[in-house]
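Reader: Hi! I'm new to this one. Could you walk me through it?

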Amino acid sequence: MLNFDLHCHSNVSDGTLSPTDLAARAKANGVDVWAMTDHDEVGGIAEARAAARALGLPYVPGVEISITWANQTVHIVGLQIDETNSVLLDGLASIRGGREKRAREMSAQLETVGIHGAFEGALKFVGNPDLISRTHFARYLLELGVCKDLPEVFSKYLGEGNAGFVPHRWATLTDAVHWIRSAGGTAVIAHPGRYKFDDTAFDALFHEFRDVGGTAIEVTTGSHTVDQYEQYAKVANKYGFLASRGSDFHGPGESRVDLGALPPLPKGVKPVWHDWTL
Ligand code: AMP
Ligand code: MN
Ligand code: MN
Ligand code: MN
């Protein structure tokens, strides 16, 4: 079975490697088909495609869109997108717009718990000024030594209910799926196991996603536990979704799962790539 890795981040969003270095790492790690899915941004795709081509690595253009659904942030991956499509580009630009203001508010709130200069501190880690994210703040907090790892930073400072958390409204589910489909892509619910919904809310999310044209969910992802691979394989089959696989790699020494290092999809699911010609 080919090693598909259809979710990871470069320094064009909140990863630490350039698209070129990511392509090289994917190739070295045995990835056979690779997608880079920067948050809310397609600016790295041209470089990623060129680097993959030079390595003979089949490449799939992707993106990971932040949405707000039932007052929580959910991520929708778009695969096989035309990154020059104006509906997609305009939509992504509209959600990137609020990030700097949010970051300044996060920084002001962190001051109240004794974390000084967080906006400037986070900026040092930012590759793309339009895409300052909580991950960049987290790297600054690690540099300060106030936490031992990223999960601790998110549970103590940056997650919902913590001092550094600023509620933010992203795109709607309908819009994100519409942008992806307008660009010829396939919409995939990213890492469903990460969301804190009850069964009723999950059922509503999956139905609404399907109704607006979504066709796949991530089953095997670096953000799921081994038990969740099986759990979401069942969910995929129950709702008639295709199954995707991706490490969600952000950087060496930071991400739990490296590019290409996940186990295969569970048996009995239909892969999102079943009808792709590469
Ligand atoms: P933002 O889009 O600015 O809200 O930042 C979200 C990003 O923070 C995600 O894409 C992850 O890379 C990172 N993140 C969120 N929660 C955690 C966590 N518990 N541990 C590590 N990274 C996280
Ligand atoms: Mn991220
Ligand atoms: Mn995500
Ligand atoms: Mn991701």
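Author: Happy to! Let's begin with a metal site: the donor residues of the manganese ion (ligand 3) are spaced E-x10-H-x115-H in sequence. Donors here are N, O and S atoms within 2.8 Å of the metal (3.2 Å for Na, K and Ca), and water is not among the atoms, so sites may look incomplete.

Reader: Before we go on, how should I read the numbering, and what kind of model is it?

Author: This is a predicted model, where local features need pLDDT of at least 70, side-chain atom pairs count only at pLDDT 80 or more, and totals for chains, interfaces and linings use all residues. Residues are numbered from 1 along each chain as its sequence is written, chains are lettered from A and ligands numbered from 1 in the order in which they are written, and side-chain values use heavy atoms, leaving out hydrogens and water.

Reader: Thanks! Which residues coordinate the manganese ion (ligand 3)?

Author: Glu-64 (OE), His-75 (ND1) and His-191 (NE2) do, at 2.1 to 2.2 Å. Glu-64 lies in strand S3 and His-191 in the loop between strand S5 (186-189) and helix H9 (199-211), so the pair ties together parts that are 127 residues apart in sequence. Helices (H or I, at least four residues) and strands (E, at least two) are DSSP runs, numbered from the N terminus.

Reader: And what coordinates the manganese ion (ligand 2)?

Author: That ion is held by Asp-14 (OD), His-39 (NE2) and His-250 (NE2), at 2.1 to 2.2 Å. Along the chain, the spacing of these donors is D-x24-H-x210-H. His-39 is in the loop between strand S2 (33-36) and helix H2 (45-55), and His-250 is in the segment after strand S7 (242-246), so this pair joins parts 211 residues apart in sequence.

Reader: What about the manganese ion (ligand 4), which protein donors does that have?

Author: Its protein donors are His-7 (NE2), His-9 (NE2), Glu-64 (OE) and Asp-248 (OD), lying 2.1 to 2.3 Å from the ion. Two of them connect distant parts of the chain: His-7, in the loop between strand S1 (4-5) and helix H1 (19-28), and Glu-64, in strand S3 (residues 59-69), are 57 residues apart.

Reader: How far is the manganese ion (ligand 2) from the manganese ion (ligand 4)?

Author: They are 4.6 Å apart. Between the manganese ion (ligand 2) and the manganese ion (ligand 3), the separation is 5.6 Å.

Reader: New topic: where does ligand 1 sit?

Author: In the largest pocket. On a 1 Å grid over the protein atoms alone, a pocket is an open set of points where a 1.4 Å probe fits, with protein on both sides within 12 Å along at least five of seven lines; a molecule sits in one if more than half of its atoms lie within 2 Å of its grid points.

Reader: Which residues are around it?

Author: Counting a residue as near if one of its heavy atoms lies within 4 Å, the shell around ligand 1 includes Asp-14, His-39, His-75, Ser-133 and Phe-154. Helix H7 (150-158) is one of the helices that supply at least two shell residues, and H7 gives the largest share, three residues.

Definitions and conventions
1 Å grid on protein atoms, 1.4 Å probe; cavity = no way out; pocket = protein on both sides within 12 Å on 5 of 7 lines; lining within 4 Å.
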